[in-house]
Amino acid sequence: MNILIRKLIFNEADIHLILWNDKPCFFVSELSKALDSVNKEDISVFLRYHGSAIKGVDFDVVGGTEARELRNCLENSGIRKRFVHTMIIYFDGLRKYFNHRKTVESKDFINYLTKSKLSLEDDTGAALGIVVTAAPSATAAPAKDKPAMDGKRQAAPSSDTDKSSYSDFLKHISFMEEFVDAFNKLNIPADKSIAFTKSMAKFLEDNGIQTNDFLKEIKKWIV
């Protein structure tokens, strides 16, 4: 099930706009990372302890069975995250937070959303042009809009061929994320770098781009 509405990039940080409880929302952890002027815990402290923020209206803490279902929905959307519980903030909550914490960066982020044809005033799926279909018991609902880089909306697939192509696209994105993650974990000493290069070249020559096998080959070098 796809719950991803848009993938945005602000201050070189990924921000995923998803649909949860039939409403668009952001991950607090991603916003905190993207907004450099915001203390890591500032948004969550505001939501939990500021009198104007209401759980279920302005934000939610997703845990337990719902957290597992959210992770599965994210993976179906090509996003891999690890969490036992996570805090999400709806548009109402983000508006309240920005009214409380008025910074230049918050204005920059709002302007960025405007340029991406999004508005914090549009806090319903219908307002964002999202068509919601039948959802599972945990209230997560899919969106027809598919993820696109830098906030550019991509039209939903209109045929079996388009759907197949889009499925392949998600697989490639998933492969690239896992490839980068595996490559970042490599710790190859200088005396082994030539051997690593030769090994990768020979694998590609013998096997071509077999993504799963290629990742396994790279992970052999993680030390």
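What pattern does the protein chain follow when read along the sequence? In this predicted model, the order of elements is β-β-β-α-α-β-α-β-α-α-α-α-α. The protein chain holds eight helices and five strands. Of its 223 residues, 42% are buried.

Strand E1 spans residues 4-10 and strand E2 spans residues 13-20. Glu12 sits in the loop that links E1 and E2. Its phi is positive, at about 65 degrees, although Glu12 is not a glycine. Glu12 counts as exposed because its relative accessibility is 79%, and the cut-off for exposed is over 50%. With a relative accessible area of 28%, Asn21 is partly exposed. That value falls in between the limits of 20% for buried and 50% for exposed.

Helix H1 covers residues 28-34 and helix H2 covers residues 42-49. Lys33 belongs to H1. Its relative accessible area is 64%, so Lys33 is exposed. Lys33 and Asp14 are 19 residues apart along the chain, and their C-alpha atoms are separated by 8.9 Å. Glu41 is found in the loop between H1 and H2. Glu41 is partly exposed, with 43% relative accessible area. Between Glu41 and Ser29 the C-alpha to C-alpha distance is 8.7 Å, and the two are twelve residues apart in sequence.

Ser29 also features in the second largest pocket. This pocket has a volume of about 330 Å³. It is lined by 14 residues, of which Val28, Ser29, His85, Thr86 and Met87 are the closest to its centre. Three elements each supply at least two residues of the lining: helix H1, helix H2 and strand E5 (85-90). By residue class, the lining of the second largest pocket divides into four nonpolar, five polar and five charged residues.

Helix H5 runs over residues 104-115. It has twelve residues and reaches 17 Å from first C-alpha to last. That span is close to the 16 Å expected at 1.5 Å a residue. Which residues of H5 are buried? They are Glu105, Ser106, Phe109, Tyr112 and Leu113. These residues lie on the same side of H5, because they cover an arc of only 115 degrees around the axis. Val104, Lys107, Thr114 and Lys115 are exposed, on the other side of H5.

How many disulfides does a search of the whole structure find? The search finds zero. Are Cys25 and Cys73 buried or exposed? Cys25 is buried, because its relative accessible area is 0%. Cys73 has a relative accessible area of 5%, so Cys73 is buried too. Both values are under the 20% cut-off for buried residues.

Terms used
Residues numbered from 1 in each chain as written. Predicted model: local features only at pLDDT ≥ 70, side-chain atom pairs only at ≥ 80, totals over all residues. Heavy atoms only, no water. Disulfide = S-S within 2.5 Å. Buried < 20%, exposed > 50% of the residue type's maximum accessible area, 1.4 Å probe, protein only. 1 Å grid on protein atoms, 1.4 Å probe; cavity = no way out; pocket = protein on both sides within 12 Å on 5 of 7 lines; lining within 4 Å. Points joined across faces, edges and corners; volume = space filled by probe spheres on them. Helix = DSSP H or I, 4+ residues; strand = E, 2+ residues; numbered from the N terminus. Nonpolar A, V, L, I, M, F, W, Y, C, P; charged D, E, K, R; others polar. Expected span 1.5 Å × (residues − 1). Arc of directions from axis to C-beta.
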